Amino acid sequence: MVDLVRQHGLKAMARNFWQQERRSLFKSLLKEYIAEGYDKEEAGKFARKEVNEMMVEKEDFVHQLWDEAYEEE
């Protein structure tokens, strides 16, 4: 793990984490929308929109925690 951070940097790991989270959420939501009867194109559009909203909330939460943690120092 330490070697991975040295080679690719912490920023790359964070970016990959967010990409994996986004991809996982999208796949899950896509399956849900298809199961509800939407066609693949419509399901993809709705899933993409919902994932974007969810990720904004998650990223805002992380930034807020970061700011609060380092504001006190």
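Trainee: How many aromatic pairs does the structure hold?
Mentor: Five. Keep in mind that this is a predicted model.

Trainee: What sort of pair do tyrosine 33 and tyrosine 38 form?
Mentor: An edge-to-face one. The ring centres are 5.6 Å apart, with 75° between the planes.

Trainee: Is tyrosine 33 buried or exposed?
Mentor: Tyrosine 33 is buried, because its relative accessible area is 16%, and buried means under 20%. Tyrosine 38 has 31% relative accessibility, so tyrosine 38 counts as partly exposed.

Trainee: And why is the pair of tyrosine 38 and phenylalanine 46 called edge-to-face?
Mentor: Because their planes sit at 70°, and over 60 degrees counts as edge-to-face. The centres of these two rings are 5.2 Å apart. Phenylalanine 46 is partly exposed, at 32% relative accessibility.

Trainee: Which residues form the aromatic cluster?
Mentor: Tyr33, Tyr38 and Phe46 form one cluster.

Trainee: New topic. Which residues make up the largest nonpolar core?
Mentor: There are eight: Leu25, Leu29, Leu30, Tyr33, Ala43, Ala47, Val51 and Met55. Tyr33 turns up here as well as in the aromatic cluster.

Trainee: Which helices supply at least two residues of this core each?
Mentor: Helix H1, residues 2-35, and helix H2, residues 40-71.

Trainee: What is leucine 30 in contact with, leaving aside its neighbours within four places in sequence?
Mentor: Lys40, Ala43, Gly44 and Ala47.

Notes. Residues numbered from 1 in each chain as written. Predicted model: local features only at pLDDT ≥ 70, side-chain atom pairs only at ≥ 80, totals over all residues. Heavy atoms only, no water. Phe/Tyr/Trp six-rings, centres within 6.5 Å; stacked < 30°, edge-to-face > 60°. Buried < 20%, exposed > 50% of the residue type's maximum accessible area, 1.4 Å probe, protein only. Core = buried A, V, L, I, M, F, W, Y, C linked by side-chain atoms within 4.5 Å. Helix = DSSP H or I, 4+ residues; strand = E, 2+ residues; numbered from the N terminus. Contact = heavy atoms within 4.5 Å.
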